[in-house]
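Take a moment to turn the model around on your screen. Then let us walk through it together, from the whole chain down to single residues.

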Amino acid sequence: MATEPVFESLKLSKNGGKIETSVKAECKTDIPTDGIDKVIGVFAVANLTDKETSEGVIKCGGKIVYQVFCQAETGELKKYESSCEYAGTINDDRIKEDTSSSLEVKVLKAEADANGTKLAFSAILSISGELFRADEIAVLKG
């Protein structure tokens with residue numbers, strides 16, 4: 001009994017290399033700094049929600065959530081939360097229209113500023129990942 005080939009070609013994802021960029025995310029809040037003696041700690045978590053690929057560029061963005069612990073002038077601890085959106089761009093000649101990517105974001109450094117009239121947050125994010133190219137190969141020929 002002879003067999004017939006099911007596929008004449010397949011598309012494989014080949015690794016196209018690693019990419020990385022840094023993004024600064026700043027968040028202005030409406031939280032007054034009256035009564036805040038000092039900032040004790042800052043915690044931030046970021047995620048990717050948007051990714052758009054075009055020739056030579058990947059535009060990505062997401063949301064970052066801050067939690068800040070402060071000591072009031074009276075000595076009690078207070079916690080504040082805020083969030084904002086951020087955006088970044090990765091420029092690379094290896095990025096083509098049909099290129100796909102796998103990206104992740106990490107918070108490298110987070111800070112809170114209580115010196116002004118309103119509490120402000122900032123963070124430095126690292127967006128890194130890998131590129132993948134779709135190559136078509138011939139199979140089951142002959």
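This is a predicted model: local features need pLDDT of at least 70, side-chain atom pairs count only at pLDDT 80 or more; totals for chains, interfaces and linings use all residues.

## Overall build

What will you find if you look for helices and strands? The protein has zero helices and six strands, and reading along the sequence gives the pattern β-β-β-β-β-β. The radius of gyration is 23 Å, well over the 14 Å that the globule rule gives for 142 residues, so the protein is more spread out than a compact globule. You can compare this with the C-alpha trace, which spans about 90 × 35 × 20 Å along its principal axes.

How much of the protein is buried? Buried residues make up 34% of the 142 residues. Contacts also tell us how the chain comes together: among those with a separation of 6 or more, 73% are between residues 24 or more positions apart.

## A hairpin to look for

Now find strand β5, residues 100–113, and strand β6, residues 118–138. These two strands pair in the antiparallel sense over 13 bridges, and they form a hairpin with four residues between them.

## Lys18, a residue in β1

Gly129 also leads us to another part of the chain. Lys18 lies in strand β1, which covers residues 9–32. Lys18 and Gly129 are 111 residues apart in sequence, and their C-alpha atoms are 5.8 Å apart in space.

Beyond its neighbours within four places in sequence, Lys18 is in contact with Arg94, Gly129 and Glu130. Is Lys18 buried or exposed? Its relative accessibility is 62%, and exposed means over 50%, so Lys18 counts as exposed.

## Thr33, a residue in a loop

Finally, look at Thr33, in the loop between β1 and β2 (36–54). Thr33 has a relative accessible area of 9%; the cut-off for buried is under 20%, so Thr33 is buried.

Which residues does Thr33 touch, leaving aside its neighbours within four places in sequence? Thr33 is in contact with Ala114, Gly116, Thr117, Lys118 and Leu119.

How values were computed: Residues are numbered from 1 along each chain as its sequence is written. Side-chain values use heavy atoms; hydrogens and water are left out. The radius of gyration is taken over C-alpha atoms; the globule rule is 2.2 Å times the number of residues to the power 0.38. Buried means under 20% relative accessible area, exposed over 50%, partly exposed in between (1.4 Å probe, protein chains only). Contact means heavy atoms within 4.5 Å. Two strands pair if DSSP finds at least two bridges between them.
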